[in-house]
Amino acid sequence: MLKRKIYDHLLAWKNHHSHSCLMIRGARQVGKTYIVRAFGKNEYESFVEINFIKQKERKDIFAGSLDAETIYKRMTAMIRDLKLVPGKTLIFLDEIQNCGNARTAIKFLAEDGRYDVISSGSLLGLTYAEEGDTEVEEPESVPTGYEDFLNMYSLDFEEFLWAEGYGEEAIGVLRSCLEKHEPVPDAINQKYEELFREYIVVGGMPEVVENYVSHHDFSTVAKLQERILADYRYDIAKHAKGAEKVKVRACYEAIPRQLAKELKKFQYATVEKGKTSKKYGGSVRWLVDSALVHACYNIHEAYIPLMANAVEDQFKLYINDTGLLCAMYGFETKKAILNNTLQGNAKDGIYENIIAESLIKKGYQLYYYRPDDNQKLEFLIERAGEVVPIEVKAGNTATKSLNRFIDRYQPTTAYKFIRGNVGVNGIKITLPHYMVMFL
């Protein structure tokens, strides 16, 4: 079993929640079902799993009256050898988007409180107006105030290292260098740069990582990634509504091309010449809401709260897993990344994507800074009550924009991620790319 950080969040919810159910949201194949199943079997005396796609007949459990007593009575009638132990049972409602009544019933199950309940599903970020799958059911009432929400993503770099057998002692050496602002010993730094390039190519999808750490076969990695991409494209075809299907697919396929160019913002014209947000704006929103991509909005004035200063129609899009991005680019790009021979704007875009992905997994919202054509910073984040600028370089080049930002806004900390080692110049901290896992 892959060690996942989300497991600790599940434990914290189990030990501290009070009359609330847990909803886990995330893109397909990031490991939602796997981790809840492991959690239920490890931490509870009894575990009940209902999948509303595979077990459609179990939707009848939630037909009619939705009071908890009636639901649990129906459950015992429909599920053989069911064991419900108050305080020691986890009920997992998977693919809950296919049973609107089950989502409505969350309120009553939470109020009852005898058993813990976790729900999850695919594309839960979509509103029903955007949903084109006829099997998806809108709940009569959303259980506002009775659900805790937890976002799940593919493995981050630290989890990837754990899978590869690197424990806290080894990773602690890197963390210590960051805390002391000391360079990592050259041989160690080179090793982790190499591992980070492998992570860029392999990505963090659990099935892909598990196979890779067992066999270290990039050909199999490519096949698994292509299958996931095919599933994503199928999701677009099944779930996007009407004519939006073609437009969503076109926007998704355009992202690798856009990242390979030094663009100020997402360009609708690269999707279809001469077109604007009027035609494709809804498609972009669909991709963001489905968690297939991450949006990063431009900020002209870098003050908290950043969201209040975001320019709504100026944004960049990043693929949710950089391994999938590399799969979209193809074999030769992967080979060049592993050999560290990739050049040009595509390299810059790939490193932007991995830093964006890593920041999202750390819980940050994504913003970038481009007030004019002469200044650009890849990311701004909010931390400890201030705006922290982040510059990303695929190599190690000059930092004019970062210096100008520091002069204007006087932050207490600024980061520059490079191919190189730890260094400090005033408030500016230079770090190798892989240390984004500590941010």
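User: How many bridges join β1 to β4?
Analyst: There are 3 bridges between β1 and strand β4 (residues 116-120), and the strands run parallel. Strands pair if DSSP finds at least two bridges between them. Strands are DSSP runs of E with at least two residues, helices are runs of H or I with at least four, and both are numbered from the N terminus. This is a predicted model, in which local features need pLDDT of at least 70, side-chain atom pairs count only at pLDDT 80 or more, and totals for chains, interfaces and linings use all residues. Residues are numbered from 1 along each chain as its sequence is written, and side-chain values use heavy atoms, with hydrogens and water left out.

User: Which residue of β4 stands opposite L22?
Analyst: I118 of β4 stands opposite L22. L22 also has a bridge partner in β5, namely D148.

User: And how many bridges join β1 to β5?
Analyst: Strand β1 (residues 21-25) is joined to β5 by 5 bridges, and these strands run parallel. Within this pairing, R25 stands opposite N151.

User: What order do the strands of that sheet follow?
Analyst: The sheet is open and has 5 strands in the order β2-β3-β4-β1-β5, with parallel pairing. β2 and β5 are at the edges with a single partner strand each, so one side of each has no neighbour in the sheet. Neighbouring strands are turned by 20° against each other on average, direction ignored.

User: How many residues of β1 are buried?
Analyst: In β1, 4 of the 5 residues are buried, so the strand is largely enclosed by the rest of the structure. Buried means under 20% relative accessible area, exposed over 50%, and partly exposed in between, with a 1.4 Å probe and protein chains only.

User: Changing topic: how many residues of β11 are buried?
Analyst: Strand β11 (residues 414-418) is mostly covered, with 5 of its 5 residues buried. A414, K416 and I418 point one way from the strand, while Y415 and F417 point the other way.

User: Which strands are joined to β11?
Analyst: Strand β10 (residues 386-392) is joined to β11 by 3 parallel bridges, with V392 and F417 as bridge partners. Strand β13 (residues 428-432) also runs parallel to β11 and is joined to it by 5 bridges. There, F417 has L431 as its bridge partner.

User: Now the pockets. What volume does the largest pocket have?
Analyst: Its volume is about 1100 Å³. On a 1 Å grid over the protein atoms alone, a pocket is an open set of points where a 1.4 Å probe fits, with protein on both sides within 12 Å along at least five of seven lines, and lining residues have an atom within 4 Å of a point. Grid points are joined across faces, edges and corners, and the volume is the space filled by probe spheres set on them.

User: Which lining residues lie nearest its centre?
Analyst: Of the 37 lining residues of the largest pocket, N151, M152, Y153, H294 and I360 lie nearest its centre. The largest share of the lining, 4 residues, comes from β6.

User: How much space lies in the second largest pocket?
Analyst: The second largest pocket holds about 660 Å³. It is lined by 24 residues, and Q29, G31, K32, T33 and Y34 are the closest to its centre. Elements giving two or more residues to this lining are α2 (32-43), β2 (46-51) and α8 (206-215). α2 provides the largest share, 5 residues.

Technical notes: Axes fitted to C-alpha atoms, helices over the stretch in contact; angles between N-to-C directions.
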